[in-house]
Amino acid sequence: MSRSVKKGPYIESSLLKKIQKAQKTSQTGGSRAPIKTYSRESTIIPEMVGQTFSIYNGKTFVSLFVTEQHVGHKLGEFSPTRIFRGHAGSDKRVGRR
């Protein structure tokens with residue numbers, strides 16, 4: 001179930017402060033370092049477009065450059081926490097020999 005429209009999108013307050021600070025420094029010609037965050041549950045808002053985020057997936061930080069297509073999604077959707085290594089092999093090949 002999605003979040004109420006009345007409440008608006010959830011975004012961590014500390015993350016919002018980092019975004020606003022990064023926007024000020026980018027306007028003055030400062031460095032565009034990625035914003036590190038652990039908040040996978042935060043929703044991507046239009047103010048985040050053009051920023052690079054490092055999202056923690058439980059082991060490493062995964063980089064994400066936010067575009068207009070990402071708005072409305074959660075940050076955690078773009079940093080997978082599990083590694084898929086393929087399905088189990090078939091036993092039919094072993095039985096032929």
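Reader: Buried means under 20% relative accessible area, exposed over 50%, partly exposed in between (1.4 Å probe, protein chains only). Does that make Thr43 buried or exposed?

Author: Thr43 counts as buried, because its relative accessibility is 8%. This is a predicted model: local features need pLDDT of at least 70, side-chain atom pairs pLDDT 80 or more, while totals for chains, interfaces and linings use all residues. Numbering runs from 1 along each chain as its sequence is written, and side-chain values use heavy atoms, without hydrogens or water.

Reader: Where is Thr43 placed?

Author: Thr43 is in the loop between strand S1 (35–37) and S2. Strands are DSSP E runs of at least two residues, and helices are H or I runs of at least four, numbered from the N terminus.

Reader: What polar contact does the Thr43 side chain make?

Author: One with the side chain of Lys74, at 3.0 Å. A polar contact is an N or O pair within 3.5 Å, one able to donate a hydrogen and the other to accept it; residues adjacent in sequence count only if both atoms are side-chain atoms.

Reader: What else does Thr43 touch, not counting residues up to four places away in sequence?

Author: Besides Lys74, Thr43 touches Pro9, Tyr10, Ile11, Met48, Gly72 and His73. Contact means heavy atoms within 4.5 Å.

Reader: New topic. Which residues have the most contacts inside the largest nonpolar core?

Author: Leu15, Ile19, Met48 and Phe53, in a core of 13 residues. Helix H1 (13–27) and strand S2 (52–56) each give two or more residues to this core. H1 supplies the largest share, three residues. Such a core joins buried Ala, Val, Leu, Ile, Met, Phe, Trp, Tyr and Cys through side-chain atoms within 4.5 Å.

Reader: And which residues does Phe53 touch, leaving out those up to four places away in sequence?

Author: Phe53 touches Leu15, Ile19, Ile35, Met48, Val62, Ser63, Leu64 and Val66.
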